[in-house]
Amino acid sequence: MGFRDRYGREHDELRISVTDRCNLRCRYCMPVEPEWFPREAILRYEEIARLARIFARRGVRRLRLTGGEPLLRRDLVRLVELLRGIPEVEELSLTTNGVLLEDLAEPLVAAGLQRVNVSLDTLRPERFRALAGRDALARVLRGLEAAAAAGLAPIKINTVLVRGVNDDEAVELARFARERAWELRFIEVMPLDNHGGWDPSRVVPGAEIRRRIEARWPLVRDPEADPRAPATRFLYRDGGGAIGFVDSVSAPFCATCSRLRLTADGKLATCLYAQEETDLRALVRGGASDAEIERTIEAAVARKGRGGALEVLERQSPPPLVRTMHQLGG
């Protein structure tokens, strides 16, 4: 039986952050001058693989590598090989900003990576520079093309819209993805920067964006979509592919959450907004058995709350966070 919480939710996906470091400075994700974890605090690949095997034996079937920016972690291909060697794992994917993807797409596929999500909030170079703090849009676009050429599929684009900043590009981004048979997912900006910068008036509700897209290309709800997925998935009526809406602030999906998170420094988080973490690194390095680690994970999942996003919706204010987004993993 998989890890089950007190609300009856089964957890079959583990998001593994491999580093807190990033080569962009997206304003909704991290402070301008972040403090990085010391190198000795970061889990080694063998430690990650051991924990992944424990999770897999208890029903976790999907692994997603995140960061920070995961492609900054040296020799990430080796970790992919280790994780693909776990028999129970059915899907291994990666979330990246795409800056380093052009050179790494083929080696990652050869190692066993199956899917990729690439963050892309604008198609305008000057706006990309303003949002991400780096002039790297061309590299991201080349990375997407390299991912497609290497056979990663489906390719999904994650777009965070902020009112008054980039929400005027919604239709333009949808057209860009449609033309390439890539799946765009609009994500509502969440209060995860932890420095008081989140403003609920800057949230662009998914329903609003959906109306804009439907005015150009009619949509129909995907009848075969995974009901536990964070994105509500729609199909273009004209056969132009799919599009998703992650309404994490206006319509939280906490009731069907099936995800757990392992941070780069070895802490288990049961929710993006969790106030409590469980130190698995200390157990791994302290000589604990697999059975002891499994019992610790089981107890942590059993304590999982109903969902921090529900509190954000009700209060329209962010809770205090243990970490910022780049430290937690998307």
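A crossing of two helices is called left-handed if the near helix is turned anticlockwise from the far one by less than a right angle, and right-handed if it is turned clockwise. In this predicted model, local features need pLDDT of at least 70 and side-chain atom pairs count only at pLDDT 80 or more, while totals for chains, interfaces and linings use all residues. Residues are numbered from 1 along each chain as its sequence is written, and side-chain values use heavy atoms, with hydrogens and water left out.

H2 passes H3 in a right-handed crossing. Helix H2 spans residues 76-84 and helix H3 residues 101-111; their axes lie 8 Å apart at an angle of about 25 degrees. Axes are lines fitted to C-alpha atoms, for helices over the stretch in contact, and angles run from 0 to 180 degrees between N-to-C directions. Helices (H or I, at least four residues) and strands (E, at least two) are DSSP runs, numbered from the N terminus. H2 and H3 are therefore roughly parallel to each other, a term for angles under 35 degrees; those over 145 count as roughly antiparallel, 65 to 115 as roughly perpendicular and the rest as oblique.

On the H2 side, Leu76, Val77, Val80, Glu81 and Arg84 meet Pro107, Leu108 and Ala111 of H3, where contact means heavy atoms within 4.5 Å. The residues of this contact comprise six nonpolar, no polar and two charged. Ala, Val, Leu, Ile, Met, Phe, Trp, Tyr, Cys and Pro count as nonpolar, Asp, Glu, Lys and Arg as charged, and the others, Gly among them, as polar.

## Buried charged residues

Glutamate 47 belongs to helix H1 (residues 45-57) and, at 6% relative accessibility, counts as buried. Buried means under 20% relative accessible area, exposed over 50%, and partly exposed in between (1.4 Å probe, protein chains only). The side chain of glutamate 47 forms a polar contact of 2.9 Å with the side chain of arginine 285. Such a contact is a pair of N or O atoms within 3.5 Å; within protein, one must be able to donate a hydrogen and the other to accept it, and residues adjacent in sequence count only if both atoms are side-chain atoms.

Lysine 267, in strand S13 (residues 267-269), is likewise buried, at 14% relative accessibility. Its side chain makes a polar contact with that of aspartate 265 (3.4 Å).

## Arginine 303

Arginine 303 occupies the loop between helix H9 (290-302) and helix H10 (308-315) and is partly exposed at 40% relative accessibility. Not counting residues up to four places away in sequence, arginine 303 touches Arg6, Glu276 and Thr278.
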